[in-house]
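I wrote down what I looked up and what I found.

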Amino acid sequence: MQERYAYYPGCLASLSQKELDSSTRAIAKKLQIELVDMPSVTCCGAGDIHEAKPDYYLHISARILGQAEQMGCDTILTICNVCTLNLRQANKALQEDAAVLNRVNDNLREVGAATYQGGVDIRHLLWEVSAGEGYDRFKSIAVKSLEGLKVAPFYGCQILRPAKILGFEDSDRPQSLERLITACGAEPIDYPAKVKCCGFPIVLAREDVALGELVQPLQQATDAGADVIVTPCPLCHLSLDAWQRKAAAFSGHDYQIPILHLAQLLGAAAGIEESELKFKRHVTRLSPEIKAKLKVPSVVGTGTGA
Amino acid sequence: MTEIKNAHFTTLKGAYDTETMEATLRVRRYDPETKKSRFDDFTVTIPVTASVLDALDAIKDTHDGSLSYRKSCRMAVCGSCGMRVDGGAALACKTPMKKFVDAGHRITVSPMGNLPVIKDLVVDMAPFWQKIRAVKPYLDTKDVEVPEKEWRVAQEASDQIHKESLCILCGCCVSECNSMESDPEFLGPAALAKAYRFVGDARDQDTRERLRDLNGAHGIWDCTRCYFCNQRCPKHVDPRDAIAKLGAESFKEGFTRDEGAKHAKVFVDSTYKGGYLRETELVPKTIGPINAIKDIPFALQLARAGKVPNPLSPHKAKDNDEVKRLWKLLEKEAKGQPRRATAKHPDAVQGD
């Protein structure tokens, strides 16, 4: 774990999933790590720009990485699987081929943007707090035991695969979320679909195909008796949370399972208040019983989010 | 010394003269006559160098001759012995047993997913071949005169499709494809990697027709980017990367009408216009304004949770003019190049 990170929340945490951003800032403060904002960055492309315009994707990624260097940061902290994979994929391409990096830098220079020297690493919050010093630090701030809360971990694809680019843990048998759930005093629930796809990348273009995928974790976590699902990815969160009713209609089953962002679960165990964790910004609301198990201070509001 | 009963062990005879180990495997069985499946546990003595395939041979030889599985080359070239080891598709011949034995772990061997099981570990590959055939897995040179002898291709052009050319058609990628579980008609990673192998071939003259076909229902935009295919492929073909390349070739050739392509275009345009994604434009521009209106009840659920950003004041990153200039520069550069990155220019293809 570093003391200082270039903080890249990505689009969703900055826009529709603002509760993830506020929870992350709150937990970072407790962990005593500095998050330096990156006001000039674009979207990572979410895989879409990589697919449509790979050369442009490489350039906008280099511009993001170059900005971290300009700020004097050698590590970018991400809170989204898709940002993590896209930035790491581009970073690998830029670091492995000097000719590619030189050409990209020539172009960045020509448009007046920061160039990239190749010295930045991209780390997801999950990796930073589930092992080593970061884990110890989290253990020391996890003052509230979430005993009795059954949490189904949902990893999402792009923090596990392809392992040659991500490679933090065994992509078939990951344990980082389980480790953190246990550190929170809660009980991790096991189910096969925890490493599978939520369907989000194609939920607009191919809704039925996506819902067929989404049903698996929702059904299996429900069957396994989970109170909530926790995920390190805001896209998985949106899919599991906002599309939950559509998945229920699609499968003919009823799902009522709240979805937590990783930073919200960690925040609850660290005693962070509802005003920062913002559970009310979820489509699938927390029941009073689960709220009690999460032990979040202050009254949970009933109004709209924001 | 283990007694060698029949031909299955022939290749291992020498290995048995050296160190052996005891291994237990749990094997998924399926009897097509009773249509019932079960798990059987077998313990066998095998050389320390044995693969999962060797262990299955030992089972077949010493325990149960009715155990069914495919095999041929034993060296990760023929693609016959794809099966699931602990739930993940792999070539049995390329998976050593020793690491499992050392860890005291009993592996579970089961048939590949997304294909019908015929018996035990043997799956019906007919749907797999049907999709490979559907992408026209051969060169179409149209009216270009084919050289009488060899048709040489420049190294650089050959490199474009090198990875995809390594496919041995084992089906491991298809076994784990999350989109195929949901849409069995999806062409899938193996067929799409094969499709790119020809779209990217400097000699092929059927690029536009190929891309047009791949942009329809069950085509490239069905891919959910779960990356299981890249993870499982025993030959490092990286089928998902091939699908992304087909997307890029589609954009170059102007095939941007599929909802998947429209979705991608909103991301490209958002970075150009402001920096971050314009979420409120994503739905109407992907599925069209009429379908978006039908989805209003859903949008209201999201709005109630504060999940719909104000479309009138979209996010604007600082210094985004740099990005605009970058886009224009790259578009200009691309126009000066041959239309296809696959370098279908005269130097790439040389008649002898």
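**Entry 1: domains of chain B**

I began with the domain assignment of chain B, which gives domain 1 (7-123), domain 2 (126-255) and domain 3 (259-325). I keep in mind throughout that this is a predicted model.

**Entry 2: overall form of chain B**

I then asked how the dimensions of chain B compare with those of a globule. A compact globule of 352 residues would have a radius of gyration near 20 Å, but I read 26 Å for chain B. Along the principal axes, the C-alpha atoms of chain B fill a box of roughly 75 × 65 × 40 Å. I counted 17 helices and nine strands in chain B, and I noted that 42% of its 352 residues count as buried. Among contacts in chain B between residues at least 6 apart in sequence, 69% join residues at least 24 apart.

Is helix 9 of chain B mostly covered or mostly open? I found that helix 9 of chain B is mostly covered, with twelve of its twelve residues buried. Among these buried residues are Leu192(B), Tyr196(B) and Phe198(B), and the charged side chains of Lys194(B) and Arg197(B) belong to residues on that list as well. I also checked the length of helix 9 (residues 188-199) of chain B: at 1.5 Å a residue its twelve residues should span 16 Å, and its end C-alpha atoms are 16 Å apart, so the two values agree.

Next I turned to Leu121(B), which sits in the loop between strand 6 (117-119) and strand 7 (122-123) of chain B. Leu121(B) counts as buried because it has 25 C-beta neighbours inside 10 Å, where 20 or more are required. Not counting residues up to four places away in sequence, Leu121(B) touches Ser68(B), Tyr69(B), Met83(B), Val109(B) and Pro111(B).

**Entry 3: chain A**

For chain A the domain assignment gives domain 1 (4-125) and domain 2 (143-294), whose C-alpha centres lie 25 Å apart. Their contact takes 25 residues from domain 1 of chain A and 25 residues from domain 2 of chain A. Helix 1 (10-14), helix 2 (18-31) and helix 5 (81-96) of chain A each supply at least two residues of the side of domain 1 of chain A that touches domain 2 of chain A. Helix 2 of chain A gives the most to this side, with nine residues, and the side as a whole divides into ten nonpolar, ten polar and five charged residues.

I repeated the globule check here: with 306 residues, a compact globule would have a radius of gyration near 19 Å, and chain A has 19 Å, so chain A agrees with the rule. The C-alpha trace of chain A spans about 60 × 45 × 40 Å along its principal axes, and 58% of the 306 residues of chain A count as buried.

**Entry 4: between the chains**

Finally I looked up the contact between the chains, which takes 54 residues from chain A and 54 residues from chain B. The elements that give two or more residues to the side of chain A that touches chain B are helix 1, helix 3 (48-52), helix 4 (54-70), helix 6 (98-110) and helix 10 (207-223) of chain A. I noted 26 nonpolar, 17 polar and eleven charged residues on that side.

The largest nonpolar core has 187 residues, of which Val151(A), Val230(A), Leu266(A), Ala55(B) and Leu192(B) touch the most other members.

Definitions and conventions: Residues are numbered from 1 along each chain as its sequence is written. Chains are lettered from A and ligands numbered from 1 in the order in which they are written. This is a predicted model: local features need pLDDT of at least 70, side-chain atom pairs count only at pLDDT 80 or more; totals for chains, interfaces and linings use all residues. Domain bounds come from an automatic or database domain assignment. Two residues are in contact if their C-beta atoms, placed from the backbone, lie within 7 Å. Helices (H or I, at least four residues) and strands (E, at least two) are DSSP runs, numbered from the N terminus. A nonpolar core is a set of buried Ala, Val, Leu, Ile, Met, Phe, Trp, Tyr and Cys residues joined through C-beta atoms within 7 Å. The radius of gyration is taken over C-alpha atoms; the globule rule is 2.2 Å times the number of residues to the power 0.38. The expected span of a helix is 1.5 Å times one less than its number of residues.
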